[in-house]
Amino acid sequence: RLVAKLDWADSLMQDNRAWALLPRRERKPVILVTDGNLFLQKVFEASPLVNLSVVREPPAHVPAGTVAVFHRKVPSQLPAGSVLVIEPAESCDLWEVGEKLENPIVTKQDKDSPLMAHVRLDNVLLPEARKLTPQGKTLTLAQSITGDPLYLTIDRPAGKLLVLTVNIEQGDLPLRTAFPIMMTNALGWFAGTKGDLRESLATG
């Protein structure tokens, strides 16, 4: 419970105090699999609700409740649970990786998805995105002019899966405010968007 007070004597003292009920916030373990990427490491370290571990090879086992982030290196079979894949360089059980899309332009994005809240990608440079042919039901969050998905979710019973196909080292996405917002939205989506602030509570 957060309480705000006005230290001011007036004729109605009762309205000099207000309350807000803040949600419980729990830290989330995140495993980042990468050969080294400062942008990714810093964007997760900046979140006060993330316990980050950085490894070079995909772990044999991902603990329950942990978000696994794979940068380029992807195991042939993705682990169960919450998974975020960035610039997949290899095919796996859920997609086939094709050639690079040299300079894709985002022409369509899902503005209604919580994953894209407060995110604009129409002026962002996204060179060398990977052409992806997913298997199963997908939801495209950002799409190129050629119809290729650049940011998408893939429905699977083993857990939530989110894929960003762009090369974040070549473009300017990590330098835009959209990047940390996208990562924050992703973490909230993996957590089931629990813990969001509700501006008001109904009485009774």
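Buried means under 20% relative accessible area, exposed means over 50%, and partly exposed lies in between (1.4 Å probe, protein chains only). Keep these words in mind for the tour.

This is a predicted model: local features need pLDDT of at least 70, side-chain atom pairs count only at pLDDT 80 or more, and totals for chains, interfaces and linings use all residues. Residues are numbered from 1 along each chain as its sequence is written, and side-chain values use heavy atoms, with hydrogens and water left out.

**Stop 1: the whole chain**

Show the cartoon. The protein has 2 helices and 12 strands. Helices (H or I, at least four residues) and strands (E, at least two) are DSSP runs, numbered from the N terminus. Follow the chain from the N terminus and the elements run β-β-β-α-β-β-β-β-β-β-β-β-β-α. The C-alpha trace spans about 70 × 40 × 35 Å along its principal axes. Of the 204 residues, 41% count as buried.

Now think about contacts, meaning heavy atoms within 4.5 Å. Take the contacts between residues at least 6 apart in sequence: 58% of them join residues at least 24 apart.

**Stop 2: the sheet**

Select β4, β3, β5, β6, β12, β11, β10 and β8, in that order. They form an open sheet of 8 strands with mixed pairing. Two strands pair if DSSP finds at least two bridges between them. Which strands stand at the edges? They are β4 and β8. Each has a single partner strand, so one side of each is left without a neighbour in the sheet. From one strand to the next, the twist averages 15 degrees.

Zoom in on β3 (28–33) and β5 (67–71). These two run parallel and are joined by 4 bridges. Val33 stands opposite Phe70 in β5.

**Stop 3: helix α1**

Select 38–45, which is α1. This helix lies across β3, β4, β5 and β6. Its angle to β4 is about 155 degrees; axes are lines fitted to C-alpha atoms, for helices over the stretch in contact, and angles run from 0 to 180 degrees between N-to-C directions.

Show the side chains of Leu40, Val43 and Phe44, the buried residues of α1. Look down the helix axis. These residues fall within an arc of 95 degrees, so they line one face of the helix. The arc is that of the directions from the helix axis to the C-beta atoms. An α-helix has 3.6 residues a turn, so residues three or four places apart point the same way. What covers these buried residues? The cover includes β3, β4, β5, β6 and α2.

Next, select Asn37. This residue caps the N-terminal end of α1. A side-chain oxygen of Asn37 lies 3.2 Å from the backbone nitrogen of Phe39.

**Stop 4: the core**

A nonpolar core is a set of buried Ala, Val, Leu, Ile, Met, Phe, Trp, Tyr and Cys residues joined through side-chain atoms within 4.5 Å. The largest one here has 36 residues. Select Phe44, Leu121, Tyr151, Leu162 and Leu173, which touch the most other members. Which element gives the most to this core? It is α2, with 8 residues. A second, separate core of 18 residues includes Val83, Trp95, Val97 and Ile154.

Stay with Leu173 for a moment. Leaving out residues up to four places away in sequence, its contacts include Leu121, Leu164, Phe179 and Met182.

**Stop 5: a polar trio**

Select Asn167, in the loop between β12 and α2. At 5% relative accessibility, Asn167 is buried. Its side chain makes a polar contact of 3.5 Å with the side chain of Glu87 and one of 3.2 Å with that of Glu128. A polar contact is a pair of N or O atoms within 3.5 Å; within protein, one must be able to donate a hydrogen and the other to accept it, and residues adjacent in sequence count only if both atoms are side-chain atoms.

Glu128 sits in the loop between β8 and β9. It is partly exposed, at 23% relative accessibility.

Glu87 lies in the loop between β6 and β7. It is buried, at 6%. Check its backbone too: phi is positive, about 50 degrees, although Glu87 is not a glycine. Most residues other than glycine have a negative phi.

**Last stop: His118**

Select His118, in the loop between β8 and β9. Its phi is also positive, near 65 degrees. Is His118 buried or exposed? At 72% relative accessibility, His118 counts as exposed.
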